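Here is a friendly walk through one protein model, written for someone who likes to know how each value was computed. Please have the structure open while you read.

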Amino acid sequence: MSAPADAFLEFRDIARTYGHVRAVDGVSAAIAPGEFVALVGASGSGKSTLLKTVNRLVVPDSGSVLLEGTDVSDLAPPVLRRRIGYVFQGIGLFPHMSVGENIAIGPRLAGKRLPDARIAELLELVELDPGVRSRMPDALSGGQRQRVGVARALAGEPHLLLMDEPFGALDPITRDALGERVLRLHERLRLTTVMVTHDMAEALLLASRVLVMDSGAIVADETPRALLDGAGGRIAQDLVAVPREQAKRLAGLSA
Ligand code: ADP
Ligand code: MG
């Protein structure tokens with residue numbers, strides 16, 4: 001299969017099984033630099049497994065992942081992971097480390113000390129007061145903790161940002177505000193972003209392209225506009241119907 005010459009990230013026929021479960025079942029997709037891609041699908045559809053093949057937290061049984069043309073299996077995991085910002089599913093901060101230590105953990109594992117000024121800069125980037133650096137994670141709100149998670153992912157100045165259900169644990173208002181913030185960061189830092197979410201509304205509002213997964217396969221690859229216009233097939237449209245129906249009911253209430 002030939003790749004688009006400008007692919008920043010490319011999945012080539014990725015498969016991964018766990019026992020009898022085909023978690024990822026032959027996924028191919030090419031992502032161009034600067035895209036904000038949402039990977040949407042029901043729980044268990046294979047989103048996290050696919051995302052983790054990029055930073056080699058999961059090794060595929062077959063197929064390959066190319067990052068800027070290089071097969072990720074040719075890169076030592078620490079070298080690879082320094083080029084990728086990764087926001088974990090759930091909150092994922094180390095509870096026994098301060099906010100500053102959490103942000104600096106990636107560079108520290110690579111034997112480098114992140115300067116205090118850089119930690120302050122990263123906190124500012126996610127619109128947190130630099131004073132929170134000495135706090136422990138449990139002294140922050142859920143939204144603040146997740147912003148620390150984003151700051152930590154950006155510490156190594158990655159060009160690729162991977163996020164796995166980054167806002168899943170948050171209340172709707174915090175979630176919305178944080179989504180907008182991340183989109184602005186994506187644009188300002190000229191990132192290429194892949195965000196896993198089960199929430200089609202979030203995908204439609206933030207992403208420039210939506211990949212829909214079902215039973216380990218990509219069943220739709222569309223822009224938000226096209227999805228809203230009815231493209232993508234039944235599984236995609238069933239997911240689009242949820243926020244659409246909600247919007248209708250709300251419009252009905254205020255009429
Ligand atoms: P999603 O992120 O879309 O919810 P996952 O990629 O986590 O889906 O999981 C896809 C399928 O693979 C599920 O059936 C899940 O139970 C299975 N799976 C994922 N990781 C493992 C694992 N480490 N061991 C066994 N089964 C797994
Ligand atoms: Mg998942």
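This is a predicted model: local features need pLDDT of at least 70, side-chain atom pairs count only at pLDDT 80 or more; totals for chains, interfaces and linings use all residues.

Residues are numbered from 1 along each chain as its sequence is written, chains are lettered from A and ligands numbered from 1 in the order in which they are written, and side-chain values use heavy atoms, with hydrogens and water left out.

**The sheet**

Let us begin with the strands. Helices (H or I, at least four residues) and strands (E, at least two) are DSSP runs, numbered from the N terminus. Six strands form an open sheet with mixed pairing, in the order β6-β7-β8-β3-β9-β10. Because β6 (84-87) and β10 stand at the edges with a single partner strand each, one side of each has no neighbour in the sheet. From one strand to the next, the twist averages 15 degrees. Two strands count as paired if DSSP finds at least two bridges between them.

Strand β3 (residues 36-40) pairs with β9 in the parallel sense over four bridges. Here L39 has L211 as its bridge partner, and V40 has V212. β3 also pairs with β8 (residues 192-197), again in the parallel sense, over five bridges, and F36 stands opposite T193 of β8.

How much of β3 is buried? Five of its five residues are, where buried means under 20% relative accessible area, exposed over 50%, and partly exposed in between (1.4 Å probe, protein chains only). Both faces are covered, with F36, A38 and V40 on one side and V37 and L39 on the other.

α10 has 21 residues and reaches 30 Å from its first C-alpha to its last, close to the 30 Å expected at 1.5 Å a residue. That expected span is 1.5 Å times one less than the number of residues. At A241, α10 bends by about 30 degrees, and the proline P243 follows within four residues. The bend is the angle between axes fitted to the seven residues ending at a residue and the seven starting there. In α10, A236, V240 and P243 are buried, and the cover over its buried residues includes α8 (200-206), β9 (209-214), β10 (217-222) and α9 (224-228).

**Some single residues**

| Residue | Relative accessibility | Class |
|---|---|---|
| P60 | 22% | partly exposed |
| T49 | 14% | buried |
| D13 | 49% | partly exposed |
| R190 | 74% | exposed |

P60 lies in the loop between α1 (47-52) and β4 (62-67). Beyond its neighbours within four places in sequence, P60 contacts I14, A15, R16 and T53.

D13, in strand β1 (residues 9-18), has a phi near 50 degrees, a positive value in a residue other than glycine. R190, in the loop between α7 (172-188) and β8, has a positive phi of about 50 degrees although it is not a glycine.

Terms used:
Contact means heavy atoms within 4.5 Å. Axes are lines fitted to C-alpha atoms, for helices over the stretch in contact, and angles run from 0 to 180 degrees between N-to-C directions.
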